Amino acid sequence: MTDVALSGLLPERATRIRDLIADVPDFPSPGILFKDITPLLADAEGLADVVEAFTRLALADGVDVVAGMEARGFLLGAPVAHALGLGFLPLRKAGKLPPPTETVSYDLEYGSASIELRSGTLTPGARVLIIDDVLATGGTAAAAAELIEQCGGVVSGLVFLLELEALHGRDRLQGRNVDTLLRVDTTSGE
Ligand code: AMP
């Protein structure tokens, strides 16, 4: 895996985080190289390093509340919100939240989906930091940003653990403040 460390992450920490992300070929469908963060979540130091790095980015952006996409965005976003002393907004797959909800539909690297936010949980005008594990095609992140804005929020930034550069997800987030801790320039592994 080729990567560069960004956002003040020390090189040895970036290497440790990178080594804790497993490449799983042909999951969940043929041709997809799945980036599995479960070894990272299981590692106390690795998880702490990621939460700390995300927290630093959030402080730089000026944030009122953190949002994360189902499901791995919950696992990374909620500890960051807690570390900042802020609340957390789960952006859930369609049908998981009780009504009333706000909804945006989007395309995935594999398939299509909708995400929802529980109406009334976002204070209009709040600055929202959006967190997810992987930036692939950018469809999920673009939909998340649209959903936040549809609900009256201001997207302060979007941060990701890992960016799959070959899929050009940043192109769908042009004009937005995007940070990634690690970037991978291939989706096929090395
Ligand atoms: P996308 O909308 O294409 O940017 O996809 C981003 C969402 O799908 C994130 O929530 C990721 O968790 C997940 N995802 C997409 N591609 C991968 C991948 N290769 N490995 C792991 N997760 C992925």
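**Exercise 1.** Find which residue stands opposite Glu102 in E6.

*Solution.* Leu117 in strand E6 stands opposite Glu102. The model is predicted; local features need pLDDT of at least 70, side-chain atom pairs count only at pLDDT 80 or more, and totals for chains, interfaces and linings use all residues. Residues are numbered from 1 along each chain as its sequence is written, and side-chain values use heavy atoms, without hydrogens and water. Now widen the view to the strands (DSSP runs of E, at least two residues, numbered from the N terminus). E5 and E6 (residues 112–118) run antiparallel, joined by seven bridges. Two strands count as paired if DSSP finds at least two bridges between them.

**Exercise 2.** Give the strand order of the sheet and name its edges.

*Solution.* The order is E5-E6-E4-E3-E7-E8-E9. The sheet is open, with seven strands and mixed pairing. E5 (101–107) and E9 (178–184) are the edges. Each has a single partner strand, so one side of each lacks a neighbour in the sheet.

**Exercise 3.** Check the length of helix H5 (residues 139–150), then describe its burial.

*Solution.* Helices are DSSP runs of H or I, at least four residues. The expected span is 1.5 Å times one less than the number of residues. For the twelve residues of H5 that gives 16 Å; the end C-alpha atoms are 16 Å apart, which agrees. Next, burial (under 20% relative accessible area, 1.4 Å probe, protein chains only). Buried residues of H5 include Gly139, Ala143, Leu147 and Ile148. Just after H5, Gly152 has a positive phi of about 95°.

Key:
Buried < 20%, exposed > 50% of the residue type's maximum accessible area, 1.4 Å probe, protein only.
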